[in-house]
Amino acid sequence: LRQRQQWRSAAGRPLAADDAWLAGFLAGLPYPLTGAQQRAVADICADLAQAAPMNRLLQGDVGSGKTVVAATAMALAAQAGAQAALMAPTSILAEQHFRTLTRLLAPAVPPEAVRLLQGATPAAEKDEIYAGLAAGAVKVVVGTHALLEAPVTFAALGLAVVDEQHRFGVAQRAALRAKGGATAPHLLVMTATPIPRTLALTLYGDLDLTVLDEMPPGRQPITTYVLHANERERAYHFIRREVLKGRQAFLIFPLVEESEKIDAKAAVDEHARLQREIFPDLSLGLLHGRMKPDEKDEVMARFRNGEHHLLVSTSVVEVGVDVPNATVILIDGANRFGLAQLHQFRGRVGRAD
């Protein structure tokens with residue numbers, strides 16, 4: 001409560017939405033908002049109109065449509081003359097948000113005013129983005145931890161959005177907020193991990209909570225099965241059937257390489273075995289945390305474009321990877337992952353409209 005009081009006593013910048021503008025922006029979105037999304041947008045608009053900075057947690061299951069709510073808030077900030085920043089924990093997720101936001105914001109923010117900033121961004125392009133942010137020409141920036149670096153200064157940061165906020169520390173969120181200078185930006189943090197109410201009050205009592213408790217129409221329900229080790233062939237048959245229908249699948253393993261100390265399957269070895277023995281006629285991609293960022297991006301792009309039928313991976317695909325054509329995810333050694341991770345993995349499938 002002390003933290004909350006401290007945050008609310010900071011000087012903020014009211015970002016008021018003109019009702020006609022907001023109605024026009026929402027009408028221009030590719031799909032109508034659900035009732036839960038409309039309530040979330042109303043909560044956020046009311047917060048943004050205040051002089052005290054917003055400090056809101058947007059919680060919603062994977063696929064409930066948090067990104068479009070955040071996009072509406074960012075468009076509102078831009079039309080009110082402020083800048084907006086979205087920080088994501090991985091480059092794969094940041095790039096995905098950048099593509100989605102450029103499309104969603106197009107009616108309100110020209111594409112050249114929306115930029116992507118991450119560690120792998122070429123130095124010349126970084127300098128161009130830094131200059132654009134400092135001058136106010138860049139209205140919306142999407143990025144990774146690179147947004148926290150010293151050269152990043154904003155002309156008028158009005159809204160900071162943090163996605164998968166459990167992946168960032170308190171100091172990192174504070175560093176992003178500090179980029180607003182003397183005026184504290186409004187803060188919207190998002191998570192897909194279900195948090196029991198008592199825990200939410202303990203961990204995030206300083207935040208106002210909005211829950212998206214409704215899924216957009218057309219989202220497929222996800223059915224979860226537990227298979228024993230001797231039923232592995234059944235899983236492979238099921239995956240092959242889905243591939244024959246033109247679908248794709250994820251196969252998740254807890255380790256990158258086999259370990260003498262841990263009795264669990266490893267992605268590198270299983271990728272070789274599956275390609276050789278089980279799916280010799282299919283294309284299998286391999287993704288893990290020890291690969292270079294550009295290698296990861298290339299594998300993900302090939303999977304997203306349908307060049308790989310299956311993707312063998314470690315937990316690096318846990319957050320935000322969006323491949324609508326993937327309908328199955330097989331998690332090997334599920335006991336090696338936490339409940340929040342399993343929930344995130346489950347959200348990698350059923351994303352098609």
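Which residue's side chain does that of Arg-234 meet in a salt bridge? The partner is Glu-231, at 2.7 Å from N to O. A salt bridge here is a side-chain nitrogen of Lys or Arg within 4 Å of a carboxyl oxygen of Asp or Glu. Arg-234 is exposed, with a relative accessible area of 53%. Exposed means over 50% relative accessible area, buried under 20%, and partly exposed in between, with a 1.4 Å probe and protein chains only.

The model is predicted: local features need pLDDT of at least 70, side-chain atom pairs count only at pLDDT 80 or more, and totals for chains, interfaces and linings use all residues. Residues are numbered from 1 along each chain as its sequence is written, and side-chain values use heavy atoms, with hydrogens and water left out.

**Salt bridges**

By the rule above, the count comes to 14 salt bridges. Three of them are listed here.

| Pair | N to O distance |
|---|---|
| Arg-234 and Glu-231 | 2.7 Å |
| Glu-270 and Arg-273 | 3.0 Å |
| Arg-56 and Asp-43 | 3.8 Å |

Helices (H or I, at least four residues) and strands (E, at least two) are DSSP runs, numbered from the N terminus. Arg-56 is buried at 9% relative accessible area, whereas Asp-43 is partly exposed at 30%.

Glu-270 and Arg-273 both lie in helix H10 (residues 267-278), three residues apart, about one turn of the helix. Glu-270 is buried, with 6% relative accessibility. A network of salt bridges links Glu-270, Arg-273, Arg-276 and Glu-277.

**Helices H3 and H4**

Helix H3 (residues 35-48) packs with helix H4 (residues 66-79) at an angle of about 30°, and their axes are 10 Å apart. H3 is therefore roughly parallel to H4, a term for angles under 35 degrees. Axes are lines fitted to C-alpha atoms, for helices over the stretch in contact, and angles run from 0 to 180 degrees between N-to-C directions. From H3, the residues making the contact are Gln-37, Ala-40, Val-41, Ile-44, Cys-45 and Leu-48. From H4, they are Val-68, Val-69, Thr-72, Ala-73 and Leu-76. Contact means heavy atoms within 4.5 Å.

**Thr-314**

Thr-314 is in the loop between strand S10 (310-313) and strand S11 (326-331). Thr-314 is buried, at 5% relative accessible area. Leaving aside neighbours within four places in sequence, the contacts of Thr-314 include Ile-252, Phe-253, Leu-287 and His-288.

Conventions:
Angles under 35 degrees count as roughly parallel, over 145 as roughly antiparallel, 65 to 115 as roughly perpendicular and the rest as oblique.
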